[in-house]
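Subject: A structure for you to explore

Hi there,

Here is the structure I promised to pass on. Have a look around first, then read my notes below.

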2 protein chains.
Amino acid sequence: MNHIKAIAFDLYGTLFDVHSVIDQCEKRFPGRGREVSTVWRQKQLEYTWLRSLMNRYVTFEQATEDALRYTCKHLRLDLDEPACNTLCDAYLRLQSFPEVPAALRELRARGLKLAVLSNGSPHSIGAVVGNGGLRDEFDHLISVDPVRIFKPHDQAYALAERVFGLARGSILFVSSNAWDATGARYFGFPTCWINRGGGTFDEMGQAPDWELRGLDEVARLFDGAERNAPLA
Amino acid sequence: MNHIKAIAFDLYGTLFDVHSVIDQCEKRFPGRGREVSTVWRQKQLEYTWLRSLMNRYVTFEQATEDALRYTCKHLRLDLDEPACNTLCDAYLRLQSFPEVPAALRELRARGLKLAVLSNGSPHSIGAVVGNGGLRDEFDHLISVDPVRIFKPHDQAYALAERVFGLARGSILFVSSNAWDATGARYFGFPTCWINRGGGTFDEMGQAPDWELRGLDEVARLFDGAERNAPLA
């Protein structure tokens, strides 16, 4: 792994748990919190992909709010403006996965440059990372907002090359989202898929170079030659 | 509606019921047919959007097969090659919705030019329409395959203008898929959303010009001035 000089991490679902909004959803819609969170996340993703494909970019916050409005209409739940604001605000206060803070510190200690590369806006990324107490762990917080198209479009991944000033082959990309890991690998990043929940990778013609159970396993890739071997 | 000279119909989910594959799924995976069909359709759509966004086009048949493979892995169901072939073949033998044949004949009788505009390949569209006995109802079967990008990208919708030889404002677009109706409307087609199941339209900054309960209601748009008024 000597050729890897920097790591770009996906934010939502990779460093931070998007389903940590369940508590707020449950408070507002008792007994329906998990269902709301699941549909909301699915629609949020769909809206980023579809708007990119239609060339009708809006910020991630806007897509998130639109997805929440759809979700509540679809589930026949009443969403007033204060509730909408509270729930969207919860997306700025996500919980990081438990192993994340120590894992980031360990990777920094190895001299690697670290960045977030996220579909979130600069405001969202800053808020999530700051509220999670992780701002000092990153050299860069990279938002797709300047190129106005979401991952998995190539232009979004290309931002990491530009900001790090490194070629794609020397940037490790880390994501829990299989579609994101697929896009990153097509772009040309060596790619880790963090599969915490025993999920199934997508069938879009790519496989991750490494499939790991948590972020703490990323540092181990840099330990010894045997452990560094990518998947066949 | 005097300005409307032609109608372009989405195929999957609009003229033909994608969930008519449930019977075949149920035969292969007893008790799991509906679940398989639901995940399969969702992933099929995702793969068309994501591959378009990654600029990694494959045919709709390939995306359909990939989505089925994902679905069976995800649901821990064994899919051998004969079963895979049988189930993918079922996507070429979908049932049309009951009102569709008569509705198409009525629209043709009014002198309107009719086409299918589908993400399917020419082979798939021809097979589905032919197996459904509807080939004679259409002037054109338009596949996105020549432009190698799926709806809702503008280039896909633009094919209908080219094939009909008409400007977008004189082509009515009809779809049951809210994301498709959204893309069509951004493109500039007057757009009907066929909402058979009391679904919720997507929140991506567009609304359909008309929301109808079935294809039989499309002809009524051409009946009288009052009925022709688009939604506010």
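**Where the chains meet**

Between chain B and chain A there are 4 salt bridges, each being a side-chain nitrogen of Lys or Arg within 4 Å of a carboxyl oxygen of Asp or Glu. One to look up is the salt bridge in which the side chains of A:Glu203 and B:Lys73 meet, at 2.5 Å from N to O.

Before going on, please note that this is a predicted model, where local features need pLDDT of at least 70 and side-chain atom pairs count only at pLDDT 80 or more, while totals for chains, interfaces and linings use all residues. Residues are numbered from 1 along each chain as its sequence is written, chains are lettered from A and ligands numbered from 1 in the order in which they are written, and side-chain values use heavy atoms, with hydrogens and water left out.

How many residues of chain B are in contact with chain A? There are 33, and they touch 33 residues of chain A (contact means heavy atoms within 4.5 Å). The area buried between the two chains is about 3000 Å², with 61% of it from carbon and sulfur atoms; buried area is the accessible area (1.4 Å probe) that two parts lose on being put together, summed over both. In chain B, the residues that lose the most area to chain A are B:Leu53, B:Met54 and B:Glu203, together 25% of what that side buries.

**The sheets**

Chain A has an open sheet of 6 strands in the order 5-4-1-6-7-8, with parallel pairing. Strands here are DSSP runs (E, at least two residues), as helices are (H or I, at least four), numbered from the N terminus, and two strands pair if DSSP finds at least two bridges between them. Strand 1 (residues 6-9) and strand 6 (residues 171-175) of chain A run parallel, joined by 4 bridges, and A:Ala6 stands opposite A:Ile171.

Chain B also has an open sheet of 6 strands, in the order 5-4-1-6-7-8 with parallel pairing. Strand 5 (140-143) and strand 8 (210-212) of chain B each have a single partner strand, so one side of each is left without a neighbour in the sheet. Strand 4 (residues 113-118) of chain B pairs with strand 5 of chain B over 4 bridges in the parallel sense, and B:Ala115 stands opposite B:His140.

Enjoy exploring!
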